[in-house]
Amino acid sequence: MVDEESVPDPYKDVQPHWFFCCRADDSTSWLPFSREDSDKLENTYTTGNQDEEVVIAVDGERYDVHVKERKRYAVYWEQAPTEVRRCTWFYKGDKDTRFMPYPEDFSKMLEDAFKEAVTSDQWKKKIDFPTGETVIIHNPKLIMQYQPIGLQDDWISSPSEQTRPRTVKRGVDSIPIDIPDGEPDKVDHLVFMVHGIGPACDLRFRSIIQCVNDFRSASLSLLASHYKRAQQDGLVGRVEFLPVNWHSALHGDATGVDEDIQRITLPSISRLRHFTNDTLLDLFFYNSPTYCQTIVDTVASEINRLYALFKQRHPDFNRAVSLVGHSLGSLILFDLLTNQKTESKVPSGDPSSLSSNTLEQILTKLDLKQYLGILKSENLDLESLSLCKESDLKDLGIPLGPRKKILNYIKRRWLPEECKAAATLQMQDPQIPGHDADGLAGLSSEQSSFYRAQAVTSAVDYEYFDVGIGQSKGGIAKGQVSIDYPQLAFQPQAFFAFGSPIGMFLTVRGLKRIDPNYTFPTCKSFYNIYHPYDPVAYRIEPMIVSEVDLEPMLIPHHKGRKRMHLELKDSLTRMSMDLKNNVLGSLRTAWQSFARMPVAALPSVEEGETSADANPQEAQASAADSNADANKGDRNADIWSKILEWPGAIHTHYLKGVCVEAESSMNAEQTENSEIKMGMLNGGRRIDYVLQEKPIESFNEYLFAIQSHLCYWESEDTALLLLKEIYDKLGVAFEQPQQ
């Protein structure tokens with residue numbers, strides 16, 4: 001008989017998995033690609049030419065991986081490239097929370113040593129590396145790494161801690177890690193998400209890119225649970241969410257506003273003042289005629305750029321597009337949609353008024369005539385200057401301030417139609433994939449014309465204009481400065497406002513009522529979504545239907561029920577009202593009964609003598625009165641017995657059926673409210689939708705006020721409302737998961 005343990009296992013090649021590096025807050029972590037993306041990268045690595053650069057689209061084609069360079073580049077937004085590794089071996093120290101991959105050359109040496117140990121069946125093999133690390137392969141399942149003393153942390157003092165080894169694992173299947181599922185290739189809908197004030201979007205000070213990534217992940221999870229059957233039948237793909245960042249353009253070098261504000265900022269409480277300058281001032285910038293134009297132009301041009309780039313990478317996409325705005329971003333989109341043209345054509349402009357100007361006249365107007373000789377020495381005219389990048393002017397020796405003025409004037413005041421898209425792209429950083437002018441070759445002339453439609457506007461013009469939702473008698477919404485709104489390259493299907501101050505801004509501008517017949521020129525659906533404790537959010541429906549006091553539509557929990565504390569709160573409210581009415585009615589009846597009772601006027605009876613012995617006739621009359629009093633006493637006893645039966649009735653009627661009754665009443669109320677006509681801004685449907693607060697939030701609404709304004713990015717209830725609106729239009733049935 002042969003001992004099975006003595007027979008060495010045959011050597012099998014390790015299965016690699018590709019990871020990418022993620023750095024945040026001075027910490028480094030390695031995250032795995034999905035199995036689908038990892039297989040694509042591995043096939044390219046094993047079958048392709050190692051000397052040629054191959055680019056593979058990953059993560060729903062939002063990133064490109066340069067296989068030879070081992071770098072991962074963002075496609076739609078500006079982000080520093082991250083490192084990519086082909087991982088086979090991993091390690092974890094005692095204080096580490098997750099396994100980290102070794103570098104590829106280190107993993108190769110480990111794999112060669114492991115292969116030798118397996119084939120020769122010689123274990124407890126010690127491997128010394130040039131860097132000083134020592135790895136001992138005790139057996140296939142026990143491999144340890146020992147670091148040299150010189151590489152240990154300085155604060156480690158005890159010898160036991162200095163020699164504490166790392167655990168080493170071979171292959172991704174041997175470590176506890178969640179590998180994400182791949183995203184469906186088919187995109188059913190495209191959503192652009194615009195942020196509010198400041199560079200951070202939540203309490204963790206994350207950027208719009210990170211928050212949209214979380215929102216996208218939540219939508220994928222909800223699609224898997226609420227549209228499971230449709231996914232299995234191939235009817236549902238995914239919804240793509242792309243962030244739109246305008247804050248960096250406003251606070252960048254082009255405007256110079258940060259330097260101007262910093263010069264007048266007081267030195268005290270510097271952190272608070274920096275926070276104010278970087279966030280709260282965005283509200284004032286939007287009400288400025290100069291910077292409002294910059295913000296609107298940036299949002300529109302960025303949306304059009306992302307849309308054209310998405311169409312370039314997804315040529316078969318022919319579905320609808322929606323818009324989402326949070327806080328101030330919702331107001332920007334509201335004003336933008338209000339001023340869209342029905343034919344959705346970008347105005348070509350009238351360059352004739354400026355084309356007659358020579359380069360010398362323009363430089364004189366900008367007070368930059370001293371640079372005319374430099375530009376003429378390179379034979380630059382207005383058309384060729386519009387194609388120049390900032391780096392080109394920098395190479396000519398033009399300082400930062402003058403070259404910013406020249407480029408900003410050219411791209412906003414004079415830009416031939418055929419050069420408009422190319423100039424916009426070339427002014428972007430050429431190091432960012434998807435931002436170079438070469439990427440424009442695959443776009444049609446109609447798509448490229450939507451890349452940038454800068455408005456021609458005076459420096460300051462305080463004339464008011466009609467925003468399109470004036471009062472029924474023809475009044476206009478005053479208070480908004482005159483700017484030229486660019487046009488979007490598409491007609492949005494729906495507009496979702498998160499925590500929006502639209503209602504407040506319209507009221508402050510002087511608009512008291514929205515015409516019920518008004519609708520956006522190019523968008524037929526509008527949803528105002530807010531948290532009940534959000535201090536920035538305001539309602540829209542009272543401005544349309546002021547004569548009816550309507551509660552907002554309650555957004556159902558994504559698990560298909562009302563939160564338990566809200567159910568109990570509603571039931572206790574109804575119970576208290578019923579109890580109050582019953583008690584008042586019973587006490588009123590009892591008091592009337594007591595008031596009708598006669599007052600006894602009997603003479604005093606001597607001790608030891610009965611009333612019957614004193615006077616027989618009076619005894620008979622007293623007996624008759626006693627019978628009448630007994631009847632009244634029976635009626636009063638019935639009243640008090642009913643009062644004493646209330647606790648049992650309360651338990652039976654309210655506490656036992658609290659969930660079922662609350663849910664049925666909520667459904668009935670929601671159905672009744674949803675049938676009320678609410679103007680045409682949302683096609684006659686309800687507009688205001690309120691989230692359900694969490695149980696802990698209900699204890700102190702002031703404590704969670706700020707968090708309530710920033711909760712929408714992580715709200716699964718909000719994501720589910722968006723998905724329902726999108727897929728209801730596509731005719732896909734919604735599935736409520738089993739509890």
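Buried means under 20% relative accessible area, exposed means over 50%, and partly exposed lies in between (1.4 Å probe, protein chains only). This is a predicted model, in which local features need pLDDT of at least 70, side-chain atom pairs count only at pLDDT 80 or more, and totals for chains, interfaces and linings use all residues. Residues are numbered from 1 along each chain as its sequence is written, and side-chain values use heavy atoms, with hydrogens and water left out.

**Exercise 1. The whole chain**

Task: State how many helices and strands the protein chain has, and what share of its residues is buried.

Solution: 
- Step 1. Helices (H or I, at least four residues) and strands (E, at least two) are DSSP runs, numbered from the N terminus.
- Step 2. The protein chain has 26 helices and 19 strands.
- Step 3. Of its 739 residues, 45% are buried.
- Step 4. Now take contacts (heavy atoms within 4.5 Å). Among those between residues at least 6 apart in sequence, 72% join residues at least 24 apart.

**Exercise 2. Helix α2 and what follows**

Task: Find the span of α2, its buried residues and what covers them.

Solution: 
- Step 1. The expected span of a helix is 1.5 Å times one less than its number of residues.
- Step 2. α2 has 17 residues and reaches 24 Å from first C-alpha to last, close to the expected 24 Å.
- Step 3. Buried residues in α2 include F106, L110, A113, F114 and A117.
- Step 4. An α-helix has 3.6 residues a turn, so residues three or four places apart point the same way.
- Step 5. The cover over the buried residues of α2 includes β7 (89-92), β9, β10 (134-139), β11 (142-146) and β12 (166-170).
- Step 6. Just after α2, D121 takes a positive phi of about 55°.

**Exercise 3. Salt bridges**

Solution: 
- Step 1. A salt bridge is a side-chain nitrogen of Lys or Arg within 4 Å of a carboxyl oxygen of Asp or Glu. The structure holds 27 of these salt bridges.
- Step 2. D59 is in the loop between β3 (55-58) and β4 (63-66) and R72 is in strand β5 (residues 71-74), so the pair ties together parts 13 residues apart in sequence. Both D59 and R72 are buried.
- Step 3. D188 is in strand β13 (residues 187-194) and R319 is in the loop between α9 (289-313) and β15, so the pair ties together parts 131 residues apart in sequence. D188 is buried, at 1% relative accessibility. R319 is partly exposed, at 34%.
- Step 4. E725 is buried, at 6%, and K729 is partly exposed, at 43%.
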